[in-house]
Every structure is written in C-alpha cells, then in structure tokens.
Amino acid sequence: MSFDLVSCILIFLGIICIVLLTNLYKWYRTNKIYNLYVEWLNKSEVTFNIQHYKSEVLSLVAVVPPKMIAYSQLLGYGQIATGQAYVMDQFPSIRDDFSSAILQTMEEAIGYYKFQVRQCINPIYWIESFVWLPKRLTTFLGLNSELKAMKLINLFLQLIYWAILLLKFFGYDLIPILHHVLP
C-alpha cells in the first residue's frame, strides 16, 4: 500500500479537523461550566448540582499548572487553623479566596483552548510541527525533554528524520539504501 499526495493531504486535513473539534469542544465545555459556576456563586435560581461537574472541571483545567492558595480559618477560643490547599481541589467553593482563584484558573483554561483553536488554523504551527516532528512526538509521549540524555536522543532522532526527508526530497528510494546500510 503506497500513500500518494492526495492520501497524505486527506490524513493531514483529518488530523486538523480532529484537533480543531477537540479543542473547540473543550473550550465550549470550560466556558459553559465557568458560567454555571458563576451562576451557582450568585445563587440565582440554581436548578443543577454543581458537584456533578467536578471531575470534568478537573480534567479540563489540567492544562493549567496547579496552584496552591494559603488559607486561615478561625476555629474559636482564639485558635486559627492555617495551611495551603490546591485551588481546584476546592471546587466548588463559595469562599471568596477560593472562588476567585477557581475562576481565574478556569479563565486560563479557556484562554489555553482558545489559543489551541487558533493554532489549528495557523499554517506556521503545522509547518513547525512537521519540521520538528521527532521532538513533538517525544514531548507528546511525555518524555522529559529537559534531561541531557533526552536532548541527545531528540537531536539524534531529528538528524535521522531530516536525513530521511532530504533523501526523499531528492528522489532517492529509501528501501535499497536501508538494505545497503543494515545487514
């Protein structure tokens, strides 16, 4: 089975559509839950249980680095409890300090998905993704690109990738070359 140019273009357009629709849906859901949370905070005719959205919110805002907030709470008899808590673990909360931090985190997630939607239609993004494909793949797989060993592996994979692209660009058939190089 060989891929011609039309097949490659259709696969590429399919990938763009999937990425675009995924990010549009996440943008819509984050915005919708944000509005529901604001409505819940204002206590206006609430006909839903905001707790039902907690797991969805946690997965949607996972793109935002987790934040901790310091809190203090009066216990009585001159005692105060202090500590730190992860912001999104407190969802939903009516406390002003937590609710404002939760809203800010959700706004950052909305901005992230809006940015990803714009990236989907940005040709420079896709050209850069194609040129740096091995690096993108190792990042996608969750490998730590800050380690020196991983930087060397990325460099090695990138050089091999560029060599293959250059050989294909100049019309060389890779199968005979691989038979000659590999025993």
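Trainee: Where is proline 92 found?

Mentor: Proline 92 sits in the loop between strand E2 (79-86) and H3. Keep in mind that this model is predicted.

Trainee: How do I read the peptide bond from phenylalanine 91 to proline 92, cis or trans?

Mentor: Start with the general idea. Most peptide bonds are trans. Now the case here. The bond from phenylalanine 91 to proline 92 is cis, and its omega is near -10°.

Trainee: Where is the place of tyrosine 77?

Mentor: Tyrosine 77 belongs to the loop between strand E1 (68-76) and E2.

Trainee: Now the helices. How do I read the angle at which H1 and H3 cross?

Mentor: Compare the angle with a cut-off. Angles over 145 degrees count as roughly antiparallel. The axes of H1 and H3 cross at roughly 160° and come within 9 Å. Therefore H1 is roughly antiparallel to H3.

Trainee: Is the crossing of H1 and H3 left-handed or right-handed?

Mentor: The H1 and H3 crossing is left-handed. The residues of this contact divide into 18 nonpolar, five polar and three charged.

Trainee: And what is the angle between H5 and H6?

Mentor: The axes of helix H5 (residues 133-140) and helix H6 (residues 148-169) cross at roughly 140°. They come within 8 Å. Angles over 145 degrees count as roughly antiparallel. This pair is therefore oblique instead. Its crossing is right-handed.

Trainee: Which residues in H5 meet H6?

Mentor: On the H5 side, find Leu133, Pro134, Lys135 and Thr138. They meet Met150, Asn154, Leu157, Gln158 and Tyr161 in H6. By class, this contact has five nonpolar, three polar and one charged residues.

Trainee: On to pockets. How much space lies in the largest pocket?

Mentor: Read the volume, then the lining. The largest pocket holds about 1,100 Å³ of space. Its lining has 26 residues. Nearest its centre lie Ile15, Val19, Tyr125, Trp126 and Ser129.

Trainee: Which elements give two or more residues to that lining?

Mentor: They are helix H1 (5-42), helix H3 (96-120), helix H4 (123-131) and H5. H1 gives the largest share, nine residues.

Trainee: How do the residues of that lining divide by class?

Mentor: The lining of the largest pocket has 18 nonpolar, six polar and two charged residues.

Trainee: How much space lies in the second largest pocket?

Mentor: The second largest pocket has about 160 Å³ of space. Ile160, Ala163, Ile164, Leu167, Leu174, Ile177, Leu178 and Val181 line it. H6 and helix H7 (174-181) are the elements that give two or more residues to this lining.

Trainee: And how do the residues of this second lining divide?

Mentor: In the second largest pocket, the lining counts eight nonpolar residues, no polar and no charged.

Note on methods: Residues numbered from 1 in each chain as written. Predicted model: local features only at pLDDT ≥ 70, side-chain atom pairs only at ≥ 80, totals over all residues. Heavy atoms only, no water. Axes fitted to C-alpha atoms, helices over the stretch in contact; angles between N-to-C directions. Helix = DSSP H or I, 4+ residues; strand = E, 2+ residues; numbered from the N terminus. Parallel < 35°, antiparallel > 145°, perpendicular 65-115°, else oblique. Left-handed = near helix turned anticlockwise from the far one by under 90°. Contact = heavy atoms within 4.5 Å. Nonpolar A, V, L, I, M, F, W, Y, C, P; charged D, E, K, R; others polar. 1 Å grid on protein atoms, 1.4 Å probe; cavity = no way out; pocket = protein on both sides within 12 Å on 5 of 7 lines; lining within 4 Å. Points joined across faces, edges and corners; volume = space filled by probe spheres on them.
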